[in-house]
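Subject: A structure for you to look at

Hi,

Here is the structure I said I would pass on. Have a look around, then read my notes below.

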Amino acid sequence: MTIPDMTVDIGGLKLQNPVMTASGTFGYAREFEHYIDLNRLGGIIVKGLSLEPSKGNLPPRIVETDCGMLNAIGLENVGIDAFIQDKLPFLKTLCPPTIANIYGKTVEEYAMLAERMEPFDAVKGLEVNISCPNVKEGGVAFGSDPKLARDVVKAVREKTTKHLMVKLSPNVTDIALMARVAADAGADALSLINTITGMAVDLSTRRPKLANVTGGLSGPAIKPVALRMVWQAVQAVKIPIVGVGGIMNATDALEFMMVGATAIQVGTANFVNPGSTMAIIDGMQAWLQKEGLNDVKQLIGTLVTN
Amino acid sequence: MIAQDTIVLWNQPAAPGYYRMGLACATGFDTARPGQFVMVRTGTEATPLLRRPFSLLGLIREGDRVTGIEILFKVVGKGTQRLSRCREGDRLSVIGPLGNAFLVPETCRQLILVAGGVGVPPIRFLAQSMLEREGGFSRCVVFVGGRTKDDLVCITEFDLPGFLLDVSTDDGSQGNQGMVTRSLEKALDAGPADLICACGPSGMLKAVSVIALERGIPCQVSIEAMMACGMGACLGCAVKLQDDETRYRHVCVDGPVFDAHRLAW
């Protein structure tokens with residue numbers, strides 16, 4: 001039987017398969033080189049980068065919850081300069097496109113990050129994080145305010161010729177509106193969802209389990225919410241949608257594509273099993289073959305609702 | 001470090017609520033050192049989702065080859081409950097060996113080891129590995145503490161040639177009555193030490209660190225933190241050093257063994 005065509009195009013960026021790594025769950029890729037063949041990935045989205053190095057939130061930063069986990073890392077990262085100097089040379093040697101996730105505290109900071117990244121051809125795309133729930137300034141404010149979101153995306157668009165993906169927050173009332181705003185402001189693709197704001201309490205100590213009090217929920221618990229939001233975003237805009245949220249296996253990934261996602265990102269599953277992405281690629285391919293589909297694109301948006 | 005399916009060789013109660021588990025590993029642990037840890041997936045369901053970190057209690061050897069590992073755990077939550085129910089022949093996914101290790105310099109002649117409660121594993125592994133050391137030690141004392149005698153796990157493992165074992169329980173149900181740190185202080189008042197290596201509850205480690213610092217003795221501690229991945233990706237297990245305010249270290253890749261005098265307790 002022929003091997004199905006797994007290539008997809010997420011609005012000007014071609015991927016050898018739809019399986020990417022979600023920002024903040026895959027470090028800068030090197031962390032996983034002993035566990036998987038990095039060259040088999042569809043795309044690599046690195047840990048969110050800021051202009052200056054950021055040390056992140058006080059511990060404890062992580063707590064497990066039923067079918068998921070809460071994190072409040074607070075976007076600890078090496079900063080864009082150290083990324084370019086220390087991390088990019090390795091990423092450059094890999095086949096899958098590197099996508100740099102960026103976040104700023106102001107519109108200007110987002111623009112500066114885009115400008116700073118522009119000369120580096122090894123970075124094929126930007127994922128603009130307007131949705132992190134764990135940083136006090138920026139982050140979720142940009143992701144939940146349509147006007148601010150538009151300003152950020154427009155500012156980045158003006159400074160970059162690279163592929164531009166905007167990562168949307170689920171912590172909004174109307175995801176379709178946010179999707180339209182980002183698309184109209186010049187995004188090439190949208191990725192959703194980021195984590196859902198949540199909280200865990202230790203009854204015996206009367207304290208929140210996270211030092212930050214609240215954190216972002218991820219893992220299997222959020223998949224139904226992610227599927228619903230991807231479904232709504234797909235109806236709202238014409239640009240490709242990249243589905244994220246609780247994808248643990250090939251079945252989950254295929255469901256997102258059936259709902260209309262052109263590609264997917266694997267996040268928390270990387271923590272549970274560093275080989276998850278490989279298993280998902282293999283599993284998707286096997287399912288397509290079983291179904292007699294010779295191209296993964298034939299699956300996109302084929303959900304039957306009548 | 002690699003991810004692999006291991007087979008449970010044994011899973012035996014080691015004390016009330018504590019289990020000692022042997023896991024056959026096809027490969028990967030030949031160079032594993034005391035202090036290093038593994039991430040164990042306790043099942044395949046969505047809850048508990050994350051792997052659990054366990055310090056190595058020791059290696060299982062057949063001739064020159066390392067064919068498996070041993071871990072020790074206390075049943076505290078869903079993950080360890082699941083592990084406690086594992087039987088011989090069950091499969092468990094294991095990642096490791098991860099992290100750094102205790103480092104005993106060649107010049108060290110007087111070594112003090114301190115283990116509290118479920119902190120026994122890396123100290124036991126370290127004590128065993130010290131037996132192979134050329135020249136040995138002029139003094140080697142292991143202090144083991146627990147709340148009661150039921151929290152003294154695997155102490156017979158410290159019945160090693162050249163090692164002196166000193167046991168304390170908070171309630172006096174076995175050994176000296178009182179905190180392990182009191183015995184440690186007495187011993188240090190009686191004679192010097194070149195290095196202290198410790199693992200146990202955070203409060204105990206802090207106390208050991210203070211005792212060592214007061215006497216100018218180098219001290220290495222193996223610490224715990226909540227972590228999702230164990231390999232430097234989630235950045236959950238952040239820990240602060242006194243002498244570096246600019247960034248956190250991470251228990252999984254920069255530890256779990258730290259210079260006690262550098263940690264911001």
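Glu245(B) and Lys55(A) join their side chains in a salt bridge, with 3.9 Å from N to O. The term stands for a side-chain nitrogen of Lys or Arg within 4 Å of a carboxyl oxygen of Asp or Glu. Between chain A and chain B the count is 3 salt bridges.

Before you go on, please note that this is a predicted model, in which local features need pLDDT of at least 70 and side-chain atom pairs count only at pLDDT 80 or more, while totals for chains, interfaces and linings use all residues. Residues are numbered from 1 along each chain as its sequence is written, chains are lettered from A and ligands numbered from 1 in the order in which they are written, and side-chain values use heavy atoms, leaving out hydrogens and water.

Now the interface as a whole. Chain A brings 32 residues to the contact and chain B brings 31 residues (contact means heavy atoms within 4.5 Å). About 2500 Å² is buried between the two chains, and carbon and sulfur atoms give 62% of that. Buried area here is the accessible area, taken with a 1.4 Å probe, that two parts lose on being put together, summed over both. Of the area that chain A buries against chain B, Tyr35(A), Lys55(A) and Glu64(A) supply 26%, more than any other three residues.

The side of chain A that touches chain B divides into 15 nonpolar, 10 polar and 7 charged residues. In this grouping Ala, Val, Leu, Ile, Met, Phe, Trp, Tyr, Cys and Pro are nonpolar, Asp, Glu, Lys and Arg are charged, and the others, Gly among them, are polar.

Next, please turn to chain B. Here 6 strands close into a barrel in the order β1-β2-β5-β4-β3-β6, with antiparallel pairing. Strands are DSSP runs (E, at least two residues), numbered from the N terminus, and two of them pair if DSSP finds at least two bridges between them. Strand β3 (residues 37–40) is joined to β4 (residues 52–62) by 4 bridges. Along this pair, Met39(B) stands opposite Pro53(B), and Val40(B) has Arg52(B) as its bridge partner.

Which strand does β4(B) join through 6 bridges? That is β5(B), and the two run antiparallel. Glu62(B) has Arg65(B) as its bridge partner in β5(B). The hairpin of β4(B) and β5(B) has 2 residues between the strands, and Gly63(B) there takes a positive phi near 65 degrees.

Happy exploring!
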